[in-house]
Amino acid sequence: MNNPITVIGGGLAGLTAAIAAAETGVPVRLHEAHQTLGGRGRATQPPHVAHEGAHVFYADGPHYTWLKERGFVAGLGWPGLGDAVTACFRADGELRRLPPIGMLRAQLRKRMTAPVDLDFHTWATGHWGERTATQLANAISVTTYDADTGRLSAAFVWGLFQRVYGPAVPAVRWVRGGWQRTIDRMADRARELGVVIETGARVDTLPTDGPVIVATDLDSARRLLGDDSLQGTSGFAALLDIAVPRDRRDRFLVFDLDGGGFHECYSAQDDSVAPAGESLFQLQMPVRVGESRDAAQQRLGAFADLAVPDWRSRNTFHRTSTSKKRTGALDLPGTTWRDRPAVDRGDGVYLAGDMVAAPGMRGEISINSAIAAAAAAVADARKAARARTESA
């Protein structure tokens with residue numbers, strides 16, 4: 001087979017596509033514009049290993065099965081019981097051990113379904129009242145990074161809510177080393193399979209010598225393909241990483257029902273991400289419409305004051321950033337994941353990433369779309385090889 005499959009982008013989607021295609025024996029080459037692989041899975045260098053977003057994996061979907069079968073998520077860490085005790089919710093400006101009664105009632109409605117064509121706030125208000133509807137939407141902002149999660153499709157938000165807060169046993173998993181460890185393992189596996197990887201190699205025009213998988217963010221894919229239809233809705237959040245000496249006052253996990261923020265300690269289940277005796281926290285706060293980044297960071301800092309008392313004078317590591325259009329696809333009323341940009345773009349070009357037509361949330365969309373893109377690209381490559389053989 002002379003013509004390889006070309007993968008453009010070396011993040012989670014690109015590495016998944018390259019591995020899935022190379023496992024079939026088809027030659028693959030991968031181009032990454034940056035000097036290092038990983039995309040949003042990259043992390044800061046030790047001793048404080050901070051990622052762009054959450055470090056967690058959910059083990060209840062086909063994406064995780066694919067990762068687990070290949071050993072990419074081996075070596076899990078777990079928080080201790082003492083850490084779990086400090087998990088809490090912010091409601092009406094105060095931290096509390098249990099969520100409000102309205103949220104508890106919603107959590108138990110496992111068999112309830114929500115409509116696709118109605119916004120979540122309207123639908124939830126009809127069942128539990130406006131205050132609870134707002135709290136439910138803010139509770140799931142941890143997965144949407146959106147300050148107005150209530151405006152999204154009721155079916156979309158309710159599915160996420162039930163997955164994260166429902167009565168089933170939580171499927172959260174923490175890989176020691178975080179996403180960076182998984183990315184490193186994937187890169188090693190790709191090279192073992194013979195994938196030709198070129199970093200610092202930006203691609204401005206599509207190759208014409210075989211199937212192409214574009215595994216970039218949607219804006220980059222739109223420019224590369226010259227396709228203005230490649231549009232999507234995503235979140236916008238302020239991020240804050242903090243490391244401090246361990247202190248019993250610090251909270252392990254806080255869901256912010258007032259503003260949609262989220263706080264988690266990652267060193268509790270993975271002591272490799274911070275120096276001995278320190279805790280590493282990551283917090284996020286969705287940016288409101290018309291709000292400046294500085295204002296969002298101020299709200300986030302005030303949230304951190306509750307979760308990590310006196311962190312401003314205690315911190316040994318401190319990093320702020322924002323994440324915009326980098327937080328996975330969000331479905332507006334009347335749409336589902338099937339209405340997002342299709343994986344198959346025609347003429348042997350395929351799309352993979354966290355905002356295309358594949359199920360899941362955030363990185364899961366990247367993996368599921370990349371596997372689908374790889375299967376289609378391999379079929380194309382084999383079809384072309386057969387045609388060459390028959391014409392020879």
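The model is predicted, and its residues are numbered from 1 along each chain. Two packed helices are described by the angle between their axes and by the distance between those axes, and the helix pairs below are presented in that way.

**Helix H5 with helix H6**

- Helix H5, which covers residues 120–128, packs against helix H6, residues 130–139, at an angle of about 130 degrees, and their axes are 7 Å apart.
- Because angles of 65 to 115 degrees count as roughly perpendicular and those over 145 as roughly antiparallel, H5 and H6 are oblique to each other.

**Helix H5 with helix H8**

- H5 also packs with helix H8, residues 154–165, at an angle of about 65 degrees and with the axes 8 Å apart.
- Since the range counted as roughly perpendicular is 65 to 115 degrees, H5 and H8 are therefore described as roughly perpendicular to each other.
- Phe 120, Trp 123 and Trp 128 of H5 make this contact together with Ala 154, Val 157 and Trp 158 of H8.
- The residues of the contact of H5 with H8 are 6 nonpolar, with no polar and no charged ones.

**Helix H1 with helix H13**

- Helix H1, residues 12–22, and helix H13, residues 363–391, pack at an angle of about 35 degrees, with 8 Å between their axes.
- The crossing in which H1 passes H13 is right-handed.
- From H1, the residues Leu 12, Ala 13, Thr 16, Ala 17, Ala 20 and Ala 21 meet Gly 363, Ser 366, Ile 367, Ala 370, Ile 371, Ala 374 and Val 378 of H13.
- This contact of H1 with H13 has 10 nonpolar and 3 polar residues, and no charged residues.

**Cavities**

- When the whole structure is searched, 4 cavities of 30 Å³ or more are found, and the largest cavity has a volume of about 50 Å³.
- The largest cavity is lined by Thr 143, Phe 156, Leu 160, Thr 327, Gly 328, Ala 329, Leu 330, Gly 360, Met 361, Arg 362 and Ile 365.
- Divided by class, the lining of the largest cavity contains 6 nonpolar, 4 polar and 1 charged residues.

**Backbone features in loops**

- Pro 46 and Pro 47 are joined by a cis peptide bond, with an omega of about 15 degrees, and Pro 47 lies in the loop between strand S2 (28–32) and strand S3 (56–58).
- Asp 310 is not a glycine, and yet has a positive phi of about 65 degrees; Asp 310 is placed in the loop between helix H11 (293–307) and helix H12 (311–314).

Conventions
Predicted model: local features only at pLDDT ≥ 70, side-chain atom pairs only at ≥ 80, totals over all residues. Heavy atoms only, no water. Axes fitted to C-alpha atoms, helices over the stretch in contact; angles between N-to-C directions. Helix = DSSP H or I, 4+ residues; strand = E, 2+ residues; numbered from the N terminus. Parallel < 35°, antiparallel > 145°, perpendicular 65-115°, else oblique. 1 Å grid on protein atoms, 1.4 Å probe; cavity = no way out; pocket = protein on both sides within 12 Å on 5 of 7 lines; lining within 4 Å. Points joined across faces, edges and corners; volume = space filled by probe spheres on them. Nonpolar A, V, L, I, M, F, W, Y, C, P; charged D, E, K, R; others polar. Left-handed = near helix turned anticlockwise from the far one by under 90°. Contact = heavy atoms within 4.5 Å.
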